[in-house]
Amino acid sequence: MNKLFPAAMLGVALLFTACDKNDGPESTVKFMVPSYTLATDQTTGAFKVYTATFETEFDQVNGLAEIEADRIALPGDRTISFDADDMPYSIASFTSGYGNTNAYSIVSQYPPLDQGSADITNLNVKLYAGRFWVTNPNIGISELKTTSFFPVISFNSGNYLVRTFWPDATFFGTTTTSFGDPVTNYENKQIGYRVIMNLKDGKNTADVYLLNAKFAEAAPQISVIRLKELPIEFSANGISIKATDKVPDMVMSGNVTGSNGTSDGYVPMPSFTFNEFTFTQTGDLTSATIGYKVAGKYSATFTGSYLPVATK
Amino acid sequence: MNMSANERVHTDTVTTLDEVNVLSVKQEGRLDGEAVSATVIGRQELENLGVAALKGISDVVPNFYIPDYGSRITSSIYVRGIGARMDQPAVGLNVDNVPFLNKNAFDFDVADIASIEMLRGPQSTLFGRNTIGGLINVSTLSPMRWQGWRIMASGGTGNDWKASVGWYHKGSDRFATALVGSFSYLVGFFRNEFDGDRVDHEISGGLRWKTDWRISPSLYLQNSASASMLRQGGYPYVYVKTGEINYNDTCSYRRFFFNDGLTLRLNHEAFTMTSITSVQHLDDNMTLDQDFLPLPYFTLTQKQRETAITEDLVFNGKTLSEHYSWVAGAFGFYKHLDMEAPVTFKDVGIAELIEKHRNDANPYYPVKWDSRSFTLGSDFTLPTFGVALYHESRFTLSRWHFTLGLRLDFEQTSLSYRSRCNTGYSVDQLQPDGSFLPYAHVGIDIDDSGKLTRRYFNWLPKVSVLYDLDDNGDCNLYATVSKGYKAGGFNTQMFSDVLQQRLMGMMGIGARYDVDDIVGYKPEYSWNYEIGGHFSLPRPRLDIDFSLFYIDCRDQQLTMFPDGTTTGRIMTNAGRTRSLGGELSLLWTPIDRFDVRAGYGFTDARFVRFNNGISDFKGKHLPYAPGNTLFLSAGYSFDLGEKFVREIRIDADMSGTGPIYWNEQNSLRQNFYILPGASVSLSGTHWNLKIWGKNLSDTRYHTFYFLSMGNEFLQKGRPLQIGATLRLNF
């Protein structure tokens, strides 16, 4: 089922968009792919965050893709548009690091044959059909449920570097926790880090959720730990989040009624205060390094990615 | 026609021309003339051994072990390292041609057993599912063979009382019927320190009505209907840390079981057709103090109602020539199981297993349950059906006998489940002065349902060759390769754990189960490679059977205890196991009135590939299956002539079992132990009085080990028991 779902989605898309022109067989699939872009001036370090929509079209008969972007915002109130045609693409199977998720990617493996209407270089496009985390209100914790497309696109235009990023991404990798005297190391690959960014109205904060958090073999596993409204910093390098002495929340789901009559379904967890927390996304913004110290005794480092892992 | 008191059945089938049993229908000959390792125990020897249930022949049959633990719902059977603690049995059981489909009904008392035939190794080609370890065929006494009254009364220490009355009537050469009632009562051997009561008390009774009717020379009918009831305590589990049986909540098991088997045999010029139809209904209720501690943690009740029908249509080809014969058939079954399995959490369970875990993680905002008891409800419906076609061809070339067989088997099983929990808790907030103020209240209302379906298609071949060493076929050597199959199923026992973890997850703590991963387990398959021989020498009578086997088992079904403070059991599939060993049986009558029986089984069963994600068990012994079984018995009869006491017989026996490893890590085990027994019986024309003793050395041993919430428990074996049995036959 997991493998079939993205494929079925492609099939449904094909059903609605395929056309048969008079000049020969052609089957194309079009996707409108929304994303956030971080455009940085590599000279001045100025940056601009923008909500862009990429129009993609795949010619399944000839194995060629087209991508079109319209007025992506750059620093200094400039915009850039381009239309890249005839990019060879391939489809591969991927599996996420959690929950036996499968995804397909569409990857431009070569520089585009047609650079389009703008001065675009180093265009790299990956389009993933992946399953996303959604919060199940019945159980209060995130489950892999929906399938959608998300792009990983980067290109240069003059001094500018434009990269897409995903404002609701869950990172999986390896968390190594150190604690005690003598120091004991505990490795956990089950912890997921879901980072939900609130970029509306320049708010630029993030809620960070630690899923299946467990910092030592003998420690309890916490379903969801939430670090709420941490400040996001954008720079030419990428995205970073920092906080100190942050009291997290733990989920409590069900029919929750606070003493004041309302509740967001979380309860503070002072015993797990995060003395330090840092989150950094650099490069193509698909991977992150996270470091934190909890309860004055667990020091943790994490490196991982939100991208599915290729299975072949 | 009374059978003499000393009539003894040797290693041949006991079926007479007036009876039809499913084994004789399909095997068509003496078992010691077949390429199979088999043990046949006749009525007289069963009476000498005091066998009233299958557990009585544990160890008597080499590499055949049924531990006596828990209650009668836990009839685990291990053969050659293959076995099952729960769900699908590894050994098939037919009683008067009724193939018992539910392992919960395997442990029962049967009065007047005519014979028990035990075939080791997969019998899946002819008998299908769940005969991966072998097949047991129990035949009760036919009214065609014996007429009159049979009365038995027995009493032993532990206040162990049994009685049966049988009326066998032969109205004519064509019609005979029998009605047999039995009753047993046991006060028990083990006390619960909590209240001082015996925990393994038991009361049971049964009624059997068997009819044989030769309607015409070509049409034969046999019907056997039986009903039984059982009420018992059970579960004398010793907490390893204290060495005591000490738990506070009631444990019990009650069962009602009805079955009817109708066998019709039609002789035609070209073939013989046998139709075996059965109906079974099981209604049982198991209630457990699941923590087995003197504290109110939680209890489990499991109620099952299962109705099943089976039909086996068997065709035997008339011998066209002396070189070829065949058997073919079609089998179908349908069973419908409704189950309720609520787990009730009590005060200490809520405090220790739920509140403490949560509050240790977040002591500033502790939770407190609304009430000190709540229920995790689980209801299941499991309809299962299967159909199969099978065929065996037998070729004879001089002293060579070849058998080729194949079964095509399809099975579908579904699970509809509904899990419910309605409870709630409050969250307080710790204040700087140490007091608490209300922070929130959380109501929990879980009501999940779903349906899962599994389908299995199997091909189950068998190839064997047998070579007669003499013209009479009394001595032979054989080799056989066969495939065995044990059905897959669902881990209904894990649903309360899934629900508990779901509940904990809603509180924000606890590991999550992936339901899809744990609720189902796959079928188990094995390839059995075997060589053996049967030797029967007339004077002095000496029967020797031997076999050597190698079993390559894939996806062996194992009962595991999940990590952590859970109480569930999960059936999982071990990647690959292998079992090798041998069996030796001997029946020797060196002089008249003196006989010796011996049986030895050796099994070395190990994991070839099994990693549960935490440990690699490669090379470790399979748990629960004994490495050795040993049985020795000798008996001598003194003929006193035409007196009130016509015969005195003295029997001595000993059975040995072990070692048995209790876990996959092989860190715990029961060493090999021996249980000696003896009896003296006096016989008259119509009566027999036997004084008997079991476990005469009062050997201390354990029959079972398990974990609950990380606590270790063992069950002690039964102690020394002495008793007497009186039989009146007239």
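Visitor: How do you know that chain B is in contact with chain A, and how many residues take part?
Guide: Contact means heavy atoms within 4.5 Å, and by that rule 24 residues of chain B are in contact with 29 residues of chain A. This is a predicted model, where local features need pLDDT of at least 70 and side-chain atom pairs count only at pLDDT 80 or more, while totals for chains, interfaces and linings use all residues. Residues are numbered from 1 along each chain as its sequence is written, chains are lettered from A in the order in which they are written, and side-chain values use heavy atoms, with hydrogens and water left out.

Visitor: What is the area buried between chain B and chain A?
Guide: About 2,100 Å², with carbon and sulfur atoms giving 53% of it. Buried area is the accessible area (1.4 Å probe) that two parts lose on being put together, summed over both.

Visitor: Which polar links are counted between chain B and chain A?
Guide: Eight residue pairs are in polar contact, both residues at pLDDT 80 or more. A polar contact is a pair of N or O atoms within 3.5 Å; within protein, one must be able to donate a hydrogen and the other to accept it, and residues adjacent in sequence count only if both atoms are side-chain atoms. The count of salt bridges between chain B and chain A is zero; that term asks for a side-chain nitrogen of Lys or Arg within 4 Å of a carboxyl oxygen of Asp or Glu.

Visitor: What makes strand 23 of chain B and strand 16 of chain A a pair?
Guide: Two strands pair if DSSP finds at least two bridges between them. Four bridges join strand 16 (residues 255-258) of chain A to strand 23 of chain B, so the two pair, and they run antiparallel. One of the bridges has B:Gly443 as the partner of A:Asn255. Strands here are DSSP runs (E, at least two residues) and helices are runs of H or I, at least four residues, numbered from the N terminus.

Visitor: Why is A:Pro75 called buried?
Guide: Buried means under 20% relative accessible area, exposed over 50%, partly exposed in between (1.4 Å probe, protein chains only). A:Pro75 has 7% relative accessibility, so it counts as buried. A:Pro75 lies in the loop between strand 3 (64-74) and strand 4 (78-95) of chain A. Leaving aside residues up to four places away in sequence, A:Pro75 touches residues including A:Phe47, A:Lys48 and A:Tyr160.

Visitor: How much of chain A is buried?
Guide: Buried residues make up 51% of the 312 residues in chain A.
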